[in-house]
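Open the model in your viewer and keep the selection tool at hand. This tour goes stop by stop.

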Amino acid sequence: MSQTTEYAATFALVDTDGDGRISAEELVSLMRNLGDECTEEQAAAVVGAMDGDGDGRISLEEFSRYMSSR
């Protein structure tokens with residue numbers, strides 16, 4: 001199983017608008033839905049840590065690469 005396939009379902013839960021990228025706003029929404037407070041700044045830092053191409057959003061490939069390194 002490829003890394004991207006392994007993490008695709010989790011990625012899709014966070015990518016609520018279905019555009020194939022996770023934004024800081026989507027991450028904040030997820031965290032709040034899980035009952036955890038997360039600021040825009042915290043979410044932007046998380047996105048920045050995973051964002052390999054610098055577009056300000058996380059692709060499935062970037063997400064998979066980050067998750068498999070943990």
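Which residues have the most contacts inside the largest nonpolar core? Select Phe-11, Ile-22, Ala-43, Val-47, Ile-58 and Phe-63. The core they belong to has 14 residues. A nonpolar core here is a set of buried Ala, Val, Leu, Ile, Met, Phe, Trp, Tyr and Cys residues joined through side-chain atoms within 4.5 Å. Buried means under 20% relative accessible area, exposed means over 50%, and partly exposed lies in between (1.4 Å probe, protein chains only).

Before moving on, note that this is a predicted model: local features need pLDDT of at least 70, side-chain atom pairs count only at pLDDT 80 or more, and totals for chains, interfaces and linings use all residues. Residues are numbered from 1 along each chain as its sequence is written, and side-chain values use heavy atoms, with hydrogens and water left out.

Now color helix H1 (3-14), helix H2 (24-33), helix H3 (40-50) and helix H4 (60-68). These elements each give two or more residues to the core. Helices (H or I, at least four residues) and strands (E, at least two) are DSSP runs, numbered from the N terminus.

Select Phe-11. Leaving out residues up to four places away in sequence, Phe-11 touches Gly-20, Arg-21, Ile-22, Ile-58, Ser-59, Leu-60 and Phe-63. Contact means heavy atoms within 4.5 Å.

The structure holds 2 aromatic pairs. One of them, Tyr-7 with Phe-63, is edge-to-face, at 6.2 Å centre to centre and 85 degrees between the planes. Tyr-7 lies in helix H1 and Phe-63 in helix H4, so this pair ties together parts 56 residues apart in sequence. Rings of Phe, Tyr and Trp (its six-membered ring) pair if their centres lie within 6.5 Å; planes under 30 degrees apart count as stacked, over 60 as edge-to-face and the rest as tilted. Tyr-7 is buried at 16% relative accessible area. Phe-63 is buried too, at 7%.

**Around H3**

Go to H3 and select its buried residues Ala-43, Val-47 and Met-50. Look down the axis: the buried residues of H3 fall within an arc of 65 degrees, so they line one face of the helix. That arc is taken over the directions from the helix axis to the C-beta atoms. Their cover includes strand E1 (21-22), H2, strand E2 (58-59) and H4.

Turn to the face of H3 pointing away from its buried side. There sit the exposed residues Glu-41, Ala-45 and Ala-49.

Last stop: Val-46, also in helix H3. Val-46 is partly exposed, at 36% relative accessibility.
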